[in-house]
Amino acid sequence: MARSAPATALLELIRSRKAMTGVIGLGYVGLPLVVEFGRAGYSGVGVDLDARKVDAINAGQSYIDDVPTAHVAELVAGGRLRATTDFDVLSELDTINICVPTPLRKTKDPDMSYIVASAEQIGKRLRPGQLIILESTTYPGTTDELVLPMLEKNGLKVGRDFFLAFSPERVDPSNRSFNTHNIPKVIGGMTPDCTELAAALYDGAIKTIVPVSSPRVAEMVKLLENTFRAVNIGMVNELALMCDRMGIDVWEVVKAAATKPFGFMPFYPGPGLGGHCIPVDPFYLSWKARESGFEARFIELAGAVNGAMPHYVVTLIAEALNKVKRPLNGSKVLVAGVAYKRDVDDIRESPALDLLHLLHELGADLAYSDPFVPRLSGSAWPGGVDLSHVDLAAAAAGEFDCIVVVTDHSSFNYDHLQRAAKVVVDTRNAITAPRAHVVRLGAARSAHAPELASTRG
Ligand SMILES: NC(=O)c1ccc[n+]([C@@H]2O[C@H](COP(=O)([O-])OP(=O)(O)OC[C@H]3O[C@@H](n4cnc5c(N)ncnc54)[C@H](O)[C@@H]3O)[C@@H](O)[C@H]2O)c1
């Protein structure tokens, strides 16, 4: 079928880099994307409800570790990037990428309110020749069942007047090898022209484009990737519990298994899942599958195993303290690492928050150390107490009854850490030279139970 006039005009704007790009939601996903568009030669506008983020960008500053401030400053100074809280700018844009949050409600149902709010803002101002791309992770069907009707409400037709695609974001904060630019981009448009236009837009900014046949396939691709991780982590967490019971070191097992050059990839146990994606996204899929009368059993099982890990860590802590004749109630327990993963400042869904909550309920006297998180507000965790980062280099020997390693930030000094604790629980196998008072998750508790601690040296 011949391309419509708006499609032809937009393709020309994109190819000549004259298209005005825009991104709604300037977080971990949206800011790197709008900067990448700028670096590819487009002009771009970021739209966010958060005036602090908007002000930072307009002042040429980045607030995301993976985006250098120099990149933002250069684009802002060159007039190729600005940010605003005013949605009226949407009518000036040729392309709009939606990168807003998709959390779960307390009931574990998808919270679509951010996508709906963004689509409403676009729908009110939609004009012929615009390309809309949803990037937020969501259930299959969101683009055509939820977003499309909101955009077609005023009579414009997808594929002819405006263009709509889904392209999942795969960015992995703090990953030094893979970033927005070199992670292949999957694209599924509502029509072939929608896919072609979206591919043309990303083509300059992103190295590899992977077109698929529909938005539903693209939505499912992302959920497959994240469910794959959640299920494999659940499986290895269960193996860790099994190894603990059987007196086998799970870390040694995974390391040796990973030498198989085909058919195996290593996953590692830990204190539970964290972050905005892995603990959340699979439930978008199981929720949607339920609508078709299908029960996603792997997802539910992995969720149950992974969700129980913080409870298991509490058991390890209680047992370790028991060895040194201390009850959890009243013990000084420090959580090392509250961010959800190594070398990031993001605490969303972090298992450390669950752990702090459980320990708080059992009466532990809590502290934490995390160079990426200077303060933990009481509103960020159910214990409701404000806490501040403790520098372990300054801690006295044996100052804490127990230190539990939850996030293995690369800057942690494990000599200082081991010295500051009467017992240590290492949930990440982070301590390469563990002393006798260290217990590792999944590493044969009975064989490695802590002795009465020597906290000297
Ligand atoms: N963070 C990641 O590593 C990652 C990776 C892949 C995919 N994702 C997915 O990408 C999406 C965005 O995640 P994120 O981590 O960037 O979230 P984020 O919370 O860092 O950023 C979202 C931004 O959207 C803004 N926002 C919220 N509602 C808005 C609205 N109605 N209009 C304008 N702005 C609004 C917020 O103020 C915030 O700045 C989610 O669906 C997430 O699952 C995230």
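**Reading helix packing and sheets**

Mentor: Helix α1 passes helix α7 in a left-handed crossing. The model is a predicted one.

Trainee: Which residues of α1 and α7 make the contact?

Mentor: From α1 come Ala7, Leu10, Leu11, Ile14 and Arg15, and from α7 come Asp193, Glu196, Leu197, Ala200 and Leu201. By class, the residues of this contact are seven nonpolar, three charged and no polar.

Trainee: At what angle do α8 and α11 pack, and how far apart are their axes?

Mentor: Helix α8 (residues 215–246) and helix α11 (residues 297–323) pack at about 45 degrees, with 8 Å between their axes. They are therefore oblique to each other. The crossing of α8 past α11 is left-handed. On the α8 side the contact residues are Thr227, Ala230, Val231, Ile233, Gly234, Asn237, Glu238, Leu241 and Asp244; on the α11 side they are Phe298, Ile299, Ala302, Val305, Asn306, Met309, Tyr312 and Leu316. That contact of α8 with α11 divides into eleven nonpolar, four polar and two charged residues.

Trainee: Now the sheets. What is the strand order in the open sheet of five strands?

Mentor: The order is β10-β9-β13-β14-β15, and the pairing is parallel. At the edges stand β10 (365–369) and β15 (438–440); each has a single partner strand, so one side of each is left without a neighbour in the sheet. Neighbouring strands in this sheet are turned by 20 degrees against each other on average, direction ignored. Helix α12 (residues 351–361) packs on the sheet, where it touches β9 (332–336), β10 and β13, and its direction makes about 175 degrees with that of β9.

Trainee: How many bridges join β13 to β14?

Mentor: Five bridges join β13 (residues 400–405) to β14, and the two strands run parallel. Phe400 has Ala421 of β14 as its bridge partner. β14 also pairs with β15, in the parallel sense, over three bridges. There, Val424 stands opposite Val438 in β15.

Trainee: What is the pairing in the open sheet of eight strands, and what is the order?

Mentor: Its pairing is mixed, and its order is β3-β2-β1-β4-β5-β6-β7-β8.

Trainee: In what sense do β6 and β7 pair?

Mentor: β6 (residues 163–166) and β7 (residues 185–189) pair in the antiparallel sense, over two bridges. The bridge partner of Ala165 in β7 is Gly189.

Trainee: Which helix lies across β5 and β6?

Mentor: Helix α6 (residues 142–152) lies across β5 (131–134) and β6, and runs at about 155 degrees to β6.

Notes. Residues numbered from 1 in each chain as written. Predicted model: local features only at pLDDT ≥ 70, side-chain atom pairs only at ≥ 80, totals over all residues. Heavy atoms only, no water. Left-handed = near helix turned anticlockwise from the far one by under 90°. Helix = DSSP H or I, 4+ residues; strand = E, 2+ residues; numbered from the N terminus. Contact = heavy atoms within 4.5 Å. Nonpolar A, V, L, I, M, F, W, Y, C, P; charged D, E, K, R; others polar. Pairing = 2+ DSSP bridges. Axes fitted to C-alpha atoms, helices over the stretch in contact; angles between N-to-C directions. Parallel < 35°, antiparallel > 145°, perpendicular 65-115°, else oblique.
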